[in-house]
Amino acid sequence: MKREGAGGGGSGLEWGAGSRRRLARSRVFEVVTLFAALFGVLVLAVILGDILLDGARHLSGHFFTNYASRFPERAGIRAPLMGTLWLLGLTTLMAVPVSVGAAIYLEEYAPRNWATRAVRANIANLAGVPSIVYGILGLALFVRTLGLGGSLISGALTLSLLIMPIIILAAQEAIRAVPHGVREGAYALGASRWQVVRHQVLPLALPGIVSGAILAVSRAVGETAPLIMIGAMSFIAFTPESLGDPFTALPMQVFHWVSRPQEEFKGLAAAAIVVLLVLVLSMNAAAFVIRSRSRLEG
Amino acid sequence: MIEMPVSVGAGSLPAAGLVRSGARMHRERLVAWVLGLCAAISALLTVGIVLVLASETVGFFSQVSLWEFLTGTRWAPLFQEKSFGILPLLSGSVLVALGASVLALPLGVLSAIYLSEYATPGVRAVLKPLLEVLAGIPTVVYGYVALTLVTPALRALFPGIGVFNAASASVVVGIMILPTVMSLSEEAFRAVPRGLREAAFALGATKMEVATQVVVPAGLSGVLASFFLAISRALGETMAVTIAAGNSPNLTLNPLDAVQTMTAYIAQVGMGSPAAGTLEYRTLFAVGMTLFLLTLVMNVLGHWVRNRFREVIP
Amino acid sequence: MGMTPEYAGRGFRPHGLQSLRLTAGLAVLGLLGLLPACGPGSGEGLRGQVTIDGSSSTYPIAEAAAEEFQLLTPRVVVAVGRSGTRGGFERFCRGATDVATASRPITGAEDARCAANGIEYLELPVALDGLSLIVNPQNTFMDCLTVEELRRIWRPGSTVRTWRDVRAELPPVPIQLYGPGTDSGTFEFFTEAIVGEMGASRADFHASEDDNVLVRGLMGDRNSLGYFGFAYVAEYAGRLKLLGVDGGEGCVLPGAETVREGRYAPLSRRLFIYVNRASLQRPGTRAFMDYFMTHAPEFIPPSGLFTLPEPVYRDNLRLLERAAAAAEGEAGHD
């Protein structure tokens with residue numbers, strides 16, 4: 001970018017009072033925008049710092065191995081942590097293959113007619129639907145109509161529905177970014193459509209797909225509203241062992257602890273948040289690394 | 001260059017005349033079928049959401065007049081003196097979203113200007129991901145922040161303010177949507193061709209003038225799109241408002257008041273496990289449908305603005 | 001035709017191993033979630049699952065019982081929910097829960113619904129509660145409210161906005177009302193006792209089924225007035241101010257004796273537990289209910305609620321025993 005004030009011409013320019021004022025204003029503006037950008041970082045630091053300060057003292061070994069309790073000293077996050085891990089695994093297994101498959105179909109196989117265009121547009125819209133609406137859907141469909149109750153599988157299904165559009169969009173984008181030349185070369189050599197997809201398109205699109213999937217699952221892990229709607233319970237002091245078991249999850253536990261006015265529970269909530277953040281942010285970081293590494297090479 | 005049709009419909013072979021084994025044909029067809037099934041599931045999802053919401057909403061409106069719903073100023077569906085005006089909930093959601101926008105939109109655009117016009121690539125590589133972290137933080141964490149940091153701070157600033165108020169929620173929701181505004185705006189600014197900037201510099205413009213009079217107008221569609229999408233996100237936010245804004249449906253424009261947003265109402269009723277078929281159960285769908293339609297409009301507007309008014313095609 | 005600019009920037013050509021690594025990483029993520037399934041799998045000892053849902057007023061007792069019981073018998077898992085009395089009955093009467101906790105007796109309509117779904121139950125009174133009227137500690141001018149004043153404040157269509165509207169000599173300070181929402185048994189009990197009809201209440205107050213939310217509002221809002229069960233009062237004793245209620249016999253504060261003797265009227269109430277008879281067939285549920293009724297006098301007082309007289313719990317145990325025997329008898333007949 002050009003240096004300030006060095007536009008065009010040369011020594012023939014006169015810098016009158018008007019120009020000096022504009023220059024000064026410009027420099028102030030730069031500072032203003034810098035502060036704006038730094039504001040976000042500052043806020044992030046304050047949030048993380050405050051949470052760490054409140055929660056650090058609770059992060060002992062028995063915080064992870066204890067179950068919830070009405071006594072703050074005894075309370076731990078074993079049940080919600082297990083619930084979250086269960087949800088993470090189930091959601092990944094249910095949502096990722098179907099979403100990636102749908103994206104492949106939409107990008108590589110589907111004819112370009114009004115129907116597929118409508119489906120594509122709809123999926124883009126679905127990604128913007130508030131998560132609590134998915135919660136309503138989960139309540140009506142899984143808890144009530146299918147009679148699955150407030151169980152682990154209801155929660156996992158609801159979260160899977162929530163993140164499917166997000167994964168599809170990310171996968172579509174990754175697949176679309178693969179240049180046509182790659183496909184055309186393969187076709188010219190006589191490859192079948194599936195061979196082209198499997199051996200040419202997918203390997204190139206994989207980093208984008210994987211990072212998109214990881215980001216989507218990390219979003220599912222952090223969601224509370226859909227779990228509230230399908231009925232995750234308040235006091236769970238056990239690890240779910242089957243898909244039909246009642247369950248709780250880290251965000252739910254944070255919500256319950258935050259709701260209690262006693263100071264000690266605030267600290268517990270902060271500690272649970274730390275665990276949740278470690279989980280979510282490390283997944284975000286992994287996705288980021290995968291995506292940026294794919295940009296550096298090749 | 002041979003024009004190879006990439007997607008001419010499932011099963012059509014690009015190079016006619018090639019001999020293929022029967023087994024491979026079967027595999028091709030199976031694969032196409034499986035993938036098509038995946039796509040069908042996702043298509044079903046799009047239809048399913050609307051169907052589920054619509055069916056119970058229709059049931060709701062068989063008991064409540066649409067006119068009262070849309071124009072009534074009192075929301076008390078569960079008390080004895082029933083009243084089904086959605087405006088208080090709507091105003092609660094809008095109040096929080098507007099407050100959040102007041103915080104996020106200027107800051108987001110200014111940050112985007114900094115990142116695209118002033119920051120060195122090294123600084124941008126550090127700053128941008130950091131700001132995106134804000135978007136990855138789960139919403140219940142923002143509820144915690146509202147409760148422990150923002151509400152006490154606001155109560156120190158405005159002594160008359162209640163424990164539950166819309167402003168608290170607005171602040172944290174604003175922080176939450178800041179990355180959305182910033183990243184979409186920055187993308188729009190970076191797409192502006194360098195030539196435009198250089199032409200302005202050549203004419204003696206200062207950097208600020210280039211940024212505000214060339215870059216931002218050129219990327220305006222992206223900025224507008226980011227506004228719509230960010231507001232849509234703010235409207236759909238549940239946890240922070242449930243924790244901080246309160247449970248009193250209040251038709252008010254004062255951010256210091258307690259309000260109830262559409263999302264908080266849905267969460268409140270949902271926690272009470274209402275019986276299917278009751279009016280209480282149906283209010284979930286009526287409010288949910290309203291929320292769904294509102295965010296849908298915002299999203300569609302956002303995407304449309306982005307695609308239609310692209311001044312600059314990269 | 002060559003490389004488009006995007007290609008130069010994006011995508012890398014993962015050879016077989018890299019591609020494998022990426023997909024493997026995602027698979028690991030999925031399998032990580034199955035880790036919890038690898039728990040202790042031994043099958044000795046009492047096993048089972050008990051699901052409880054209902055009143056938030058009774059929740060502290062249910063939570064205490066569930067926690068202590070599971071420390072003794074970890075293989076019987078007890079899940080406790082807090083959907084409110086009405087929500088609790090809704091789930092109970094369609095067989096989704098084994099136990100419903102309630103802060104008011106079951107209504108005729110709910111009983112009919114249970115019967116329609118073939119759910120037979122035992123009604124077991126479990127504790128006493130004094131529904132308390134609370135103001136903020138900074139409120140120095142309120143100590144007592146008569147039932148009539150309460151009715152005027154809370155009835156539907158009430159126009160009471162300031163303390164002066166309640167009583168002429170009080171200051172014209174606006175009142176911020178806090179109370180349980182319509183799903184709450186406490187709400188239903190209060191409206192019936194004070195206004196005279198279950199569910200009859202003004203609608204313009206801070207309503208929440210979560211009593212913690214009410215506590216927070218009352219602690220923070222100088223002009224607040226609210227009501228909820230005594231358990232929450234006991235827990236936050238120093239930070240809330242308790243009001244007396246004048247039911248005609250003078251101003252009475254809720255407490256162990258006044259509630260037990262019925263002097264704290266009309267807001268003394270019994271809390272109930274409803275058990276699905278069919279669930280008593282399961283040894284885990286039976287063990288839990290026995291534990292509950294045997295040890296109730298131990299964990300009820302710390303929760304802030306009041307115990308019923310000793311014979312009540314013995315009666316409950318006997319009822320449970322008889323129901324379990326009957327259930328076993330039926331099972332034996334099959």
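Which residues is B:Thr238 in contact with, leaving aside its neighbours within four places in sequence? I looked this up and found A:Ile132, A:Ala225, B:Thr263 and B:Ala267, contact meaning heavy atoms within 4.5 Å. I placed B:Thr238 in the loop between α9 (220-236) and α10 (239-244) of chain B, helices being DSSP runs (H or I, at least four residues) numbered from the N terminus. With 3% relative accessibility B:Thr238 counts as buried, that is, under 20% relative accessible area with a 1.4 Å probe and protein chains only.

I note that this is a predicted model, in which local features need pLDDT of at least 70 and side-chain atom pairs count only at pLDDT 80 or more, while totals for chains, interfaces and linings use all residues. Residues are numbered from 1 along each chain as its sequence is written, chains are lettered from A in the order in which they are written, and side-chain values use heavy atoms, without hydrogens and water.

Next I turned to helix packing. Helix α3 (residues 78-109) and helix α8 (residues 193-221), both of chain A, pack at an angle of about 140° with their axes 9 Å apart, the axes being lines fitted to C-alpha atoms over the stretch in contact and the angles running from 0 to 180 degrees between N-to-C directions.

Conventions
Helix = DSSP H or I, 4+ residues; strand = E, 2+ residues; numbered from the N terminus. Buried < 20%, exposed > 50% of the residue type's maximum accessible area, 1.4 Å probe, protein only.
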